[in-house]
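Subject: Handover of a structure, with notes

Hello,

The structure is below for you to take over. My notes on what was found in it follow.

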Amino acid sequence: TRFNAIFLDLIMPTISGWDILTIIKNDPATASIPVVILTGALLSDEETERLQSRVLSIINKRTFDNEQIEDILKGI
C-alpha cells in the first residue's frame, strides 16, 4: 500500500517523531512520501530549519484548522 502523505507528531510515548522521520526518509520505499509534521512542540529556529528540508509542511496543533489541512492535501 502506498500512502499519499504521512502526518507525524514529533512527541510520542515510545519513539521520537524525529526518529520516525529519519526511518521514513532513509527507506527507499517511503522516502518520497510527503510528510506533514503536526505537533504541539515549540520548535527552535534550528529545529524548524532541519525539518523544512525534509517535510512538506509543519503545522502547529494549537493553531491549525481544517482548511489548512485541506490546502496541504490539495497540493499533493
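Which side chains meet in a salt bridge? The side chains of D9 and K61 do, at 2.6 Å from N to O. A salt bridge here is a side-chain nitrogen of Lys or Arg within 4 Å of a carboxyl oxygen of Asp or Glu. A search of the whole structure finds one such bridge. D9 lies in the loop between β1 and α1 and K61 in the loop between β3 and α3 (66–74), so the pair ties together parts that are 52 residues apart in sequence. Side chains of opposite charge can pair when their charged atoms come close.

Before the rest, some ground rules. This is a predicted model, in which local features need pLDDT of at least 70 and side-chain atom pairs count only at pLDDT 80 or more, while totals for chains, interfaces and linings use all residues. Residues are numbered from 1 along each chain as its sequence is written, and side-chain values use heavy atoms, with hydrogens and water left out. Helices (H or I, at least four residues) and strands (E, at least two) are DSSP runs, numbered from the N terminus.

Around D9

D9 counts as buried, at 16% relative accessibility, whereas K61 is partly exposed, with a relative accessible area of 40%. Buried means under 20% relative accessible area, exposed over 50%, and partly exposed in between (1.4 Å probe, protein chains only). Leaving aside residues up to four places away in sequence, D9 touches G17, L38, T39, G40 and K61; contact means heavy atoms within 4.5 Å. The side chain of D9 also makes a polar contact with the side chain of T39, at 2.9 Å. A polar atom of the D9 side chain lies 3.3 Å from the backbone nitrogen of I11. A polar contact is a pair of N or O atoms within 3.5 Å; within protein, one must be able to donate a hydrogen and the other to accept it, and residues adjacent in sequence count only if both atoms are side-chain atoms.

Helix α1

Helix α1 covers residues 17–26, and G17, W18, L21 and I24 in it are buried. Seen down the axis of α1, these buried residues fall within an arc of 120°, so they line one face of the helix; the arc is that of the directions from the helix axis to the C-beta atoms. They pack against β1 (6–8), β2 (35–39) and α2 (45–52). The face turned away from the buried side carries the exposed residues I23 and N26. At the N-terminal end, S16 caps α1, with a side-chain oxygen 3.0 Å from the backbone nitrogen of W18.

Q52 is found in helix α2 and counts as exposed, at 53% relative accessibility. The C-alpha atoms of Q52 and I37 are separated by 9.8 Å, with the two residues 15 apart along the chain. L56 sits in the loop between α2 and β3 (57–60) and is partly exposed, with a relative accessible area of 46%.

Regards
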